[in-house]
Amino acid sequence: MSKQRTAAIVNGDPVEFLSDPGQTLLDVLRDELHLTGSKEGCGSGDCGACSVIMDGRLVCSCLVLAAEVEGCRVETIEGLSTGSTLHPLQQKFLDHAALQCGFCTPGILMASKALLDVNPDPTETEARYWLAGNLCRCTGYDKIIKAVLDAAAELRQDRKSA
Amino acid sequence: MALVIADYADCRALTGGLRAFEVEAATVRDLLHQIEARFPGLGDLIDQRMALAIDGVITQDAHGAVLAPHSEVVLLPKIGGG
Amino acid sequence: MNKPVKPEDTGTILKVVGTRPIRPDGVEKVTGRAAYGADLHLPGMLIGKVKRSPHAHARIISIDTRKALALPGVKAVMTSADMPNLAAEHYEAGESASNLKDLSANVMARGKVLYHGHAVAAVAATSNAIADQALDLIEIVYETLPHVIDVEEAMAEDAPILHDQMFTAGLGETPTKASNIATKHRLDRGDLAAGFAAADVIVETRYSSAAVHQGYIEPHACVASYAADGQTQVWSSSQGHFVIRGLCAKLLKMRFSDVRVIPAEIGGGFGGKTTVYLEPLALVLSQKSGHPVKMVMTREEVFRATGPTSASVVTVKMGAKNDGTITAAQVDLKFQAGAFAGSPVGAAVMTSLACYDVANFEITGWDVVTNSPKVAAYRAPGAPNAALGVECAVDELAEKLGMDPMAIREKNAVRNGVRAPYGPIYKNIGYVETLEAIRSHPHLSIPLGPNQGRGIAAGFWFNIGGESTVNLSINEDGTAIVSTGSPDIGGSRASMAMMAAEVLGIGVDRVRPIVADTASIGFSTVTGGSRTTFATGMAVVQAAEKLVIDLKRRAAETWGVDQDQVVWQDGAAHCLQAGKAPKGALTLAALAGSAGKTGGPIATVVALNAQGAGPGFGVHVCDVEVDPETGHVTVLRYTAAQDVGKAIHPAYVEGQIQGGVAQGIGWALNEEYVFSTGGIMENAGFLDYRVPVASDLPMIDAIMVEVPNPAHPYGAKGVGEVPIVPPLAALAIAVRHATGVRMHDLPLSPSKIRAAIDANAG
């Protein structure tokens, strides 16, 4: 069976790739586009390590077929910072030591961004439930939640002063 | 004169049930030689599978460690972790 | 964020150690640039995949790989025939002695398959899809055998036997009949009968827990490249690349110098990545195909074919006087080892009573093989299982005596000068201080509502020292590189930079820590056993101290004074002799810039076998609410106090405590391997193998109690493993007080709790 050609926009850049029918967006990001920041933790949409934002919506890229991405805007961890300026979420994760092995971190950062995009002032409970689809085995989530709430506060402040 | 303590059954199996005994040794290496000579098999067992607590400080493979004149040496299984 | 609790003030002013700088590998981790095992891509790389047994126990009659090999795109196929047939060699690798023959057979089955998922063959092909097709074309004929997984069933007289040549060790005489019991361990002291006779109150109780997996989010992954002259490179995410090298070399009978293992970043290990599964296979496939081979496990493979920890049954009989003094304790531990001998029951025997000053005790441990994946180390291996039984027994005793659970532990607490149950006289331990930290914590006075309960439990782990090598060099501009062989799982490389910076007297941002590969530095044993900050840190400090002496020599030469006229302070050499240093102090940068004139580059290596690691104690308090209708347990609040020695980087010490607690909570409430009657794991994925998610947990209050270990330059004790030890019991006890029902079999899943509540009411 011949490969399928797909065109999309990834982190603001137009891309084109070929894929087999069974390949997922995660496969394509990692193996064709060499964006290895999104990770495969389970391949079945249960761990969130592959989280990306597709047309403004948080998805597990391991559950999206490559062909489904035609014409879509995809944001991955590689596009979160601007040049060498970290996004406040990234900076707060560092400040709060909200990562240990770092494997779940790209997925959790993208999920957190998606949260703050729709809910700029989440409560702790809202943040925990939103992030329930992103497994972390190292941190117990304590510092992650603190970092997300702190980033939310900073972003609200930036918006006020902007 | 080091006092060697063997609370673990696999050690006592080689000492004929003796739970504590004295050995004249200046270093751990000495100690193991003496023990092997006196209780065949025990010196090797300690060398391969046991750690030593010398006056309360746990050591593993520290063959050069020096023993004080009246050190207490406790035999215990080697410790790992995860 | 908590400030560490210091019972004594040593008066030393530290500038870097104890602060919370941003970790040096942080930016690459939050931007997705950090390279883990599966992220590497090499030109000409093939994909390797493993064919796994569909049976829990079977003899392998024949394997035919011809059709697979003939498939276009397939470049190599292997079975155990492609690996050396090793005699039963004993090899000290990783953190526990591994029998090489067993390890080889676990990595690729020889003669028999011993669990569903056991590797039987492997292929390397040009794509994932072709590799999958090739696996289906491998034809294997099996003769199925009866299997056994439950540990007590495996110990029974008529159990199916896994290994014909396994005769139980530790029974005195070698038996003539093969058994699934590999070893019986025994530790005792005092007079058990007299101890029980002296007791006013006795409890006899039994607890069990299921097999649980370390659950690291990153599946095992490696790339191996075998060149025609036998030189190889392996990129692997592991907890110890030197151990990976050693095991691969021994399994494949290669020279250590021909196996270069380059550490990728590791996405979690917790003990489960201190051994090999894929690396030897990738090497063989690379040799056969002439191409680099990448192998990455699926999540399902991780569950089915990599070590969980042991399911266990713990029975405890404990007696105490009316005033709470424990007079006797008898503990029996049955541990599931999986397909090959080597469960952590030995450590469980040693840790069972470690928090208690008991004169009369007898502890027995059984290492039992079962048709399930060979167990691997998991954070304080053996200790959580034992603590479940013992801590719950102590709680039962306290209840019978009408005694406060803190009081009974304080009454029997081990302290300095007391002989540990496992042997040595305790020195420099902080158990009493940790109990005090909880005793005085506001958590204990928070009132509880209906269906809510509080559980208190203690825990212990030894922590180890071991071998580490460190290279420390000063660059020409006075910045430094500290290079170790210790993979960084939890943030340890930050602590290495901090300790070097502290001794050198420079800012931590001027010290770059790296983890070097096996060809670039001398041996270090695994990152595990809570050893890295202690042992590798000790080597870092010694290396920095050596350099300081060397820098003082260089300054002395430059000034023409004796070395005792030079002091090193705040990153510079200062001259004590008036008039000899017209330009003032000589900074590290200045000395580095002129190193050639004072003897050459400024660099040193320290290689040591660190001794004197100090054990750690934890005391945890957990509040839960149980929904009587559904049996669901909500963790309301959790406080974990721990004796950490000295928190080098407090944020990462807190992180270890919080992470260990979370794993313990999962183990207590939800996690378990569920096997079908056919011996197949039914929940081999994160949907049904339920680890704690963000909405399951409250904030976890980590209290760091600092009772220094003088063997470490800054007093550090290992911290990573202790925190997983108390939670199992803490949760079980909390549920007891919330529902009135004592749960004996973990996990405390809603259906079991609901059934127990119903049974209790009826």
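**Close-up views of a predicted three-chain model**

**View 1. Helix H15 of chain C and the glycine after it.** H15(C) is followed by C:Gly560, whose phi is positive, near 70 degrees. Helices (H or I, at least four residues) and strands (E, at least two) are DSSP runs, numbered from the N terminus. H15(C) covers residues 532-559, which makes 28 residues. From first C-alpha to last, H15(C) reaches 39 Å, close to the 40 Å expected at 1.5 Å a residue. That expected span is 1.5 Å times one less than the number of residues. This is a predicted model: local features need pLDDT of at least 70, side-chain atom pairs count only at pLDDT 80 or more, and totals for chains, interfaces and linings use all residues. Residues are numbered from 1 along each chain as its sequence is written, while chains are lettered from A and ligands numbered from 1 in the order in which they are written.

View 2. Just after H8(C) comes C:Gly290, with a positive phi of about 75 degrees.

**View 3. Where chains A and C touch.** Of the 2 pairs of chains that touch, A and C have the most contacts. Two residues are in contact if their C-beta atoms, placed from the backbone, lie within 7 Å. Chain C gives 42 residues and chain A gives 41. On the chain C side, H1 (26-30) and H17 (650-669) each supply at least two residues. H17(C) has the largest share, 7 residues. Chains A and B share no contact; their closest C-alpha atoms lie 14 Å apart.

**View 4. The open sheet of chain A.** Its 5 strands have the order E2-E1-E5-E3-E4, with mixed pairing. Strands pair if DSSP finds at least two bridges between them. E2 (13-19) and E4 (57-60) of chain A are the edge strands, each pairing on one side only. The twist averages 40 degrees from one strand to the next. Angles run from 0 to 180 degrees between N-to-C directions, and axes are lines fitted to C-alpha atoms, for helices over the stretch in contact.

**View 5. Strands E1 and E2 of chain A.** E1(A), residues 4-10, runs antiparallel to E2(A), and 7 bridges join them. A:Ala7 has A:Glu16 of E2(A) as its bridge partner.
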